[in-house]
Amino acid sequence: MSNTPAAPGDGTPIAATPLTRAVLEIDDYASGLGWDQPARLFALVDTERLRSQEPALSEQLGLEDGSETGALTPVEQDEIPAGAPLDEFLATIAWPDVVAGCALAVERLMLPPSAEASMPRDLDDQALAAWVAEHPERQEVRLTVGVLRDGTRESAIRLREKDSAREVLTGSELVPGLAEALRATFED
């Protein structure tokens with residue numbers, strides 16, 4: 001887990017890979033919308049391929065010629081149905097071949113590992129969610145997770161109480177369950 005450093009002078013995070021850059025771009029976009037937002041799903045498409053096959057769309061998206069090789073462009077999908085369990089919704093998705101990967105931005109409550117010892121056993125999902133919502137150490141977070149068809153993954157976590165691009169944590173194994181659910185959307 002690492003803090004993503006900002007580029008000198010502009011506040012834009014430096015990122016090592018196209019997937020990391022795409023995840024951070026989505027995190028920044030979601031941040032601009034504020035908190036208490038619904039989950040948002042994105043297709044990740046190869047920028048160069050998008051520019052050559054869909055010039056009107058790439059112009060509308062403001063994609064410039066000369067972006068780095070392998071760059072990914074996030075394209076927001078239709079809204080996730082309200083009230084639909086996320087895992088069930090993701091299980092219904094099938095991506096066309098042009099989609100190189102996908103990403104999801106979703107807000108959740110998280111607890112520190114130390115809270116696990118005090119967690120009551122035998123709670124159903126609804127009771128567990130209520131227990132977490134009332135826990136004094138809970139943290140509101142925005143999780144942005146991206147995966148590519150080959151299984152490569154990246155995540156960004158932004159805490160509501162430290163809502164700054166300089167405070168976003170990144171890493172490939174931060175949200176493994178969600179990353180695996182997104183990867184499964186590419187299975188035949």
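In this predicted model, R153 lies in strand β6, which covers residues 153-159. R153 counts as buried because its relative accessibility is 16%, and the cut-off for buried is under 20%. The side chain of R153 makes a polar contact with the side chain of E180, at 3.2 Å. Leaving aside neighbours within four places in sequence, R153 is also in contact with L19, G146, V147, S172, E173, P176 and A179, as well as with E180.

Helix α6 spans residues 176-183, and its buried residues are L178, A179 and L182. Seen down the axis of α6, these buried residues fall within an arc of 100°, so they line one face of the helix. What covers the buried residues of α6 includes strand β6, together with the elements β2 (40-46), α4 (86-90), β4 (99-110) and β5 (139-148).

Turning to the whole, the protein chain has 6 helices and 7 strands, and read along the sequence these follow the pattern β-α-β-α-α-β-α-β-α-β-β-β-α. The table gathers some values for the protein chain.

| Property of the protein chain | Value |
|---|---|
| Residues that count as buried, of 188 residues | 37% |
| Contacts joining residues at least 24 apart, among contacts between residues at least 6 apart in sequence | 67% |

Terms used. Residues are numbered from 1 along each chain as its sequence is written. This is a predicted model: local features need pLDDT of at least 70, side-chain atom pairs count only at pLDDT 80 or more; totals for chains, interfaces and linings use all residues. Side-chain values use heavy atoms; hydrogens and water are left out. Helices (H or I, at least four residues) and strands (E, at least two) are DSSP runs, numbered from the N terminus. Buried means under 20% relative accessible area, exposed over 50%, partly exposed in between (1.4 Å probe, protein chains only). A polar contact is a pair of N or O atoms within 3.5 Å; within protein, one must be able to donate a hydrogen and the other to accept it, and residues adjacent in sequence count only if both atoms are side-chain atoms. Contact means heavy atoms within 4.5 Å. The arc is that of the directions from the helix axis to the C-beta atoms.
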